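Biologist: Please show me the model. I would like to go through its helix packing and a few side chains.

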Amino acid sequence: MRASNRQFRLAERPEGRPDRDTFELVETDVPDPGPGEALVRTRYLSVDPYMRGRMSAGESYAEPWDVGEPLQAGVVGEVVESAGAEFEPGDVVVGNLEWADYATAPGTALTAVDPDLAPVSTALGVLGMPGRTAYFGTTEVADPEPGDTFVVTGAAGAVGSVAGQIAGLAGARVVGFAGSDEKVAFVEDELGFDACINYETTDDYRAALDEAAPDGVDCYFDNVGGPITDAVFDRLNVDARVAVCGQIAHYNATERPTGPRKLGTLVETRARVEGFLVGDFEPRYEQATERLARWVRNGDIEYRETVTEGLENAPEAFLGLFEGENIGKQLVRVSEPDE
């Protein structure tokens, strides 16, 4: 056990894209758990695009962090000490904790992780929040049927990669958008998508969609927004379903962009556009995790993790999300079990 605790705090509110100055690393005492709490040593820390919204003071679906406040994230860790929490030292748990070596949390805010089910890191990825987001956004909102064409942006990311595979299992033709030739190869060759478009090297998204989705688009899982979404809206079929999960193309914008007016398309197609949050489905998390675990165990769903070593490098891991540096789930490994 370390003699002190490293902890990241929000140093300042970023204007536009965050940088390293947005984060402050401080040394604190290792906290003591209060009644009903557990002290958890971080093994893996998740960084996710939604955290950008919590760095701003404006309204968002997630409460903003205050300047000087510890940053929070999904964490897989090992219980070091329990003060009446229903966990024992050595138990592996997942919860929303601090960007830190150690953090305390009520036992009721922690969930046990079964190391025999899958690598514990998957509790932050394919078997965690991103996987459940993909599961519910695909099965409940986009609702692909056999023969449908399903388009997903951020196809090589933690959510998009799983969403596309679930759509494929439902019998849909799956088309992805990703940002490099390496990601396109991953999506097509390892994940089994029918086609993937490299948006960085494609000048005409509409023409690329005509080739990859010649029968139009029945389901659209939107993680990105921006001009790709404009192009997809022009290719929606009658009764199409659009699941709006994220808009990473706009997260660092200092002004809300106004693009071409697309609502007329919805009148023509009678398409349904629905935004959703994974928390809407919290009572059914166990169902999603069990089904995802079965698919992973059977080889029906493949996943990849990009792992950055060391808590001190967590800001770089987060900032890299906006440069498209990760394939699959971006994680930070903070400690190993025998440390």
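Modeller: This is a predicted model. Let us begin with H2 and H8, residues 285-298, whose axes come within 10 Å of each other.

Biologist: At roughly what angle do the axes of H2 and H8 cross?

Modeller: The two axes come within 10 Å. Angles of 65 to 115 degrees count as roughly perpendicular, so H2 is roughly perpendicular to H8. The crossing angle is roughly 100°.

Biologist: Which residues of H2 meet H8?

Modeller: On the H8 side, the contact takes in Tyr285, Gln287, Ala288, Thr289, Arg291, Leu292 and Trp295. The contact residues of the two helices divide into 6 nonpolar, 3 polar and 2 charged. From H2 come Gly131, Arg132, Tyr135 and Phe136.

Biologist: Now H2 and H3. How far apart are their axes, and is the packing oblique or perpendicular?

Modeller: H2 spans residues 129-142 and H3 spans residues 158-169. Their axes lie 8 Å apart and pack at about 40°.

Biologist: Is the crossing of H2 and H3 left-handed or right-handed?

Modeller: The residues that meet include Thr133 and Tyr135 in H2, with Val159 and Ile166 among those in H3. The crossing of these two helices is right-handed.

Biologist: How many charged residues are in the contact of H2 with H3?

Modeller: Ala158, Val162, Ala163 and Ala167 are among the H3 residues there. H2 brings, among others, Pro130, Gly131 and Ala134. The contact divides into 9 nonpolar and 4 polar residues, and the charged count is none: no charged.

Biologist: Take Thr133 in helix H2. Is Thr133 buried or exposed?

Modeller: Beyond its neighbours within four places in sequence, Thr133 contacts Val159, Phe221, Cys245, Phe276 and Val278. Its relative accessibility is 6%. The cut-off is under 20%, so Thr133 counts as buried.

Biologist: Which backbone oxygen does the Thr133 side chain reach?

Modeller: The distance is 2.7 Å. A polar contact needs a pair of N or O atoms within 3.5 Å. The oxygen reached belongs to Met129.

Terms used:
Residues numbered from 1 in each chain as written. Predicted model: local features only at pLDDT ≥ 70, side-chain atom pairs only at ≥ 80, totals over all residues. Heavy atoms only, no water. Axes fitted to C-alpha atoms, helices over the stretch in contact; angles between N-to-C directions. Helix = DSSP H or I, 4+ residues; strand = E, 2+ residues; numbered from the N terminus. Left-handed = near helix turned anticlockwise from the far one by under 90°. Contact = heavy atoms within 4.5 Å. Nonpolar A, V, L, I, M, F, W, Y, C, P; charged D, E, K, R; others polar. Buried < 20%, exposed > 50% of the residue type's maximum accessible area, 1.4 Å probe, protein only. Polar contact = N/O pair within 3.5 Å; in protein donor to acceptor, adjacent residues only side chain to side chain. Parallel < 35°, antiparallel > 145°, perpendicular 65-115°, else oblique.
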